[in-house]
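Good morning, everyone. Please bring up the model on your screens, and we will walk through it chain by chain.

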Amino acid sequence: MKRRAILAFMLDRPGVLNKVSVLIRKKMYNVDTLTVCSSRVEGISRMTITLREDDQAKVDQIIRQLEKFTEVISAKELDTDHSYWREVAIVKLEVDAAHLESFRGRYNFEVLDQKEEDILIIQLAGATRQIDSFLEEVGRQYIIEIARTGVAAMEK
Amino acid sequence: MTEKQIITGKNLMLRALKEKGVRYIFGYTGGAIMPIFDEMDKLGDFHFIMSRHEQGAAFMAQGVSRGSLSTDKPQIGVCMATSGPGAMNLTTGIADAHMDSIPIIAITGQVTTGVIATDAFQESDVIGVMMPICKQTYMLLAAEDVEVTVHEAFYVATTGRGGPIVIDIPKDVQNQSVSETYRFDAKTFRPSLPGFFYHPTPEREPLRRAIELINRSVRPVLFCGHGVITSNAGKLLQQFAEKVNIPIAFTLHGLSALPVDHPLSLGMMGMHGTVEANRAIMAADLLISFGMRFDDRVTGRLSEYARNADVIHVEIDPSEIDKNVACSVAINADVYRTLHVMLGDPMLTYKPRKRWFEKIDSFRQVMADDLRREIECGVGDDGRLLMKSIVHQLSVLTEGKDLIVPDVGMHQMMAARFYNYQTENSWFASGGAGTMGASLPMAIGIKLARPDERVWSISGDGGFQMNIQELGTIMEQQIDIKIVILNNGHLGMVRQWQTLFFDGRYAGTPMQSPKFGLIAEAYDIPYRKIEKLDEVTPALQQAIDHHGPILLEFVCDASEIILPMIPSDGGFGEMIVSRPGQEKTATRKSKGGKS
């Protein structure tokens, strides 16, 4: 199913996140990713929700219902052609450092920590697909732990 | 500081309610709401009405909001309850108000802030529970937030599409005092909600296209929804219909927006709507809908709904547009303003539509004789009374001018179909939620909002017993409502489905009722039981002549059904117009359904 990103700005009030997640559950979606952060304007939060839906009418319906919330200032869908979707992954992995270096150039990562010779914590930012392919190329069997932020998106 | 100068959360709560013109407060006290009740009693500014169950209070509040919206002094119903079970008992009435877009304010006491989230005595997560079933929730954590919140709550409740608001206030916040520098000016207050706006005025371009479609249409139907009532646009809709000569079909909530016997009226549409309304919708090339949301009880199976028709959808809530039925022209605006602008448009043209009305007249004939015969006969095969005949006699006797508050079920559909509504905003039903037990408490609120008009609470034997305890409120307050029980010994509507779709297996529908006469006596309410046809009109007349509440129990035929019927999730083509086994069968064989 097609992955969709919805960007919403809303008042930073208690319970807003609950409201949004209740709506998504009520519409019977499983949230793919959901990120909330403060926006440029104090008191206004920015939320990016990704979920999977092929039917455009259903996505439009969610957006209208989001907009209906008293606290929501605006909500819109962002498509991949006209916006950047990025996430950050922090990965703890057991891999030969030299081998890891061979990925540099194709992947933009930063070593945060190296406790032992072959146990590293790295930070990797990029599109979801990029992070997925990095993990595949490194080999999932070498990954000890992974933390991903979920998608943050911005219009071009 | 002297005692007089101390202003607390409870003072501010009541001050804000008074400022917003609240006269009645319905509720039930308890540990966590006691400070506000105590203050209310001291002030004496409000008429407090104690319900016998919190659900009753929520429906009474609904009654005030629903009843008064067409008066020159609209009021918002307010109900109050304590924490935990008190608040939880409000939920059904609040969810019901949410489904029917009724603005009410529910104020719940909460345990003190120090013990919140510790599973304290009578604690429940009121905000968590209420959030999905109301328009907005607020939890007050400081006395200084009380006034601004209550004023915002009233604004949100009544702006755009109406809805219920829940304000949860911990006990210590009720007693908390505000600082000496605290100031709030209700007159200059504007809520700070940058994303909360609505479009009351229609845009020009969709209006132009709408008028073009209307002028071009050969077989149009106008839809009168709840929005016509809530924006007080009944008369405008009537003028509009007359100006363009287009028939009008009503949703359940659109009833009583204009006289239902108007020559252009098709009556109610949908599952138990009239043949003429539903067949006209099937045959239409244009549907012009005002203030409605194309509920499943209105549309039946969506894939078959009005396939050959363009749809013009005038609706204040943008999230309703294209939700169930895709429209050709969307007008996101207030119904009253839209009609007002449209009526002034010189392009709008009158068309005789002779063939269309001839066709509609043929639809009117499909069930006319059957219904007339049933109403005139007045009794079923077992000699017991027919609900439709009782409602018809009530309609004749009161000239269709009284206020009707049905409960939910078969009698509700009978009251929707066979009362000849003449008074604007005179039909008050739990529609979206379909809450049995709504009628008795809602009628109390209606009567308080419209004291000079006669109010009939019409229930079945099932629904009546769901809020039967409110007879206590009626007794105590001497609320002059005429209570009618149409007792068929069953949950009639479900029984009808069982007759039609479950091979007549009556699982869980027969019910034994108490001697309602003894119940009435216990509450000091006059009572009359009516079993014979010739007693119906005299009994109704007795209720009219009696000053004060009275209870009439009509013993009805359990096998009576309400037709036509479109099976749940069925298409309009599957409309059942006669009992199975009788001459006229369904257009197509109906499928089983579920409620």
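Let me start with a definition: helices (H or I, at least four residues) and strands (E, at least two) are DSSP runs, numbered from the N terminus. With that in hand, chain A holds 4 helices and 9 strands. Read from the N terminus, their order is β-α-β-β-α-β-β-α-β-β-α-β-β. The C-alpha atoms of chain A fill a box of roughly 55 × 35 × 30 Å along the principal axes.

Some ground rules. This is a predicted model, in which local features need pLDDT of at least 70, side-chain atom pairs count only at pLDDT 80 or more, and totals for chains, interfaces and linings use all residues. Residues are numbered from 1 along each chain as its sequence is written, while chains are lettered from A and ligands numbered from 1 in the order in which they are written.

Next, the domains of chain A. Domain bounds come from an automatic or database domain assignment. Here that assignment gives domain 1 (3–78) and domain 2 (84–155). Their C-alpha centres lie 28 Å apart. How many residues does each domain bring to the contact? Domain 1 of chain A brings 8, and domain 2 of chain A brings 7. Two residues are in contact if their C-beta atoms, placed from the backbone, lie within 7 Å. On the domain 1 side, strand S1 (3–11), strand S2 (33–38) and strand S3 (44–52) of chain A give two or more residues each. S2(A) gives the most, with 3 residues. By type, the domain 1 side splits into 4 nonpolar, 4 polar and no charged. For that count, Ala, Val, Leu, Ile, Met, Phe, Trp, Tyr, Cys and Pro are nonpolar, Asp, Glu, Lys and Arg are charged, and the others, Gly among them, are polar.

Now look at strand S5 (residues 83–94) of chain A. Strands of a sheet pair through backbone hydrogen bonds, either parallel or antiparallel. Two strands count as paired if DSSP finds at least two bridges between them. S5(A) runs antiparallel to strand S7 (residues 119–126) of chain A, with 8 bridges. There, A:Val91 stands opposite A:Ile122. S5(A) also runs antiparallel to strand S8 (residues 143–148) of chain A, joined by 5 bridges. A:Leu93 has A:Ile143 as its bridge partner in S8(A). Strand S9 (residues 152–155) of chain A pairs with S5(A) too, antiparallel over 4 bridges. Find A:Ser83 there, opposite A:Glu155.

On to the meeting of the chains. In this contact, 16 residues of chain A touch 14 residues of chain B. Helix H1 (16–26), helix H2 (56–68) and strand S4 (72–78) of chain A each supply at least two residues of the chain A side. Which element has the largest share? H2(A) does, with 5 residues. The chain A side divides into 5 nonpolar, 6 polar and 5 charged.

Chain B has an open sheet of 6 strands. Its order is S2-S1-S3-S4-S6-S5, with parallel pairing. Strand S2 (47–50) and strand S5 (136–139) of chain B are the edges, each pairing on one side only. From one strand to the next, the twist averages 20°. That angle needs a rule: axes are lines fitted to C-alpha atoms, for helices over the stretch in contact, and angles run from 0 to 180 degrees between N-to-C directions. S5(B) is joined to strand S6 (residues 165–170) of chain B by 4 bridges, in parallel. B:Thr137 has B:Val166 as its bridge partner in S6(B).

Last, one helix pair. Two packed helices are described by the angle between their axes and the distance between the axes. Helix H15 (residues 387–398) and helix H22 (residues 533–545) of chain B pack at about 50°, with axes 10 Å apart. So H15(B) is oblique to H22(B). Angles under 35 degrees count as roughly parallel, over 145 as roughly antiparallel, 65 to 115 as roughly perpendicular and the rest as oblique. The residues of this contact divide into 5 nonpolar, 3 polar and no charged. Among them, B:Ile390 and B:Leu394 sit in H15(B), and B:Val536 and B:Leu540 sit in H22(B).
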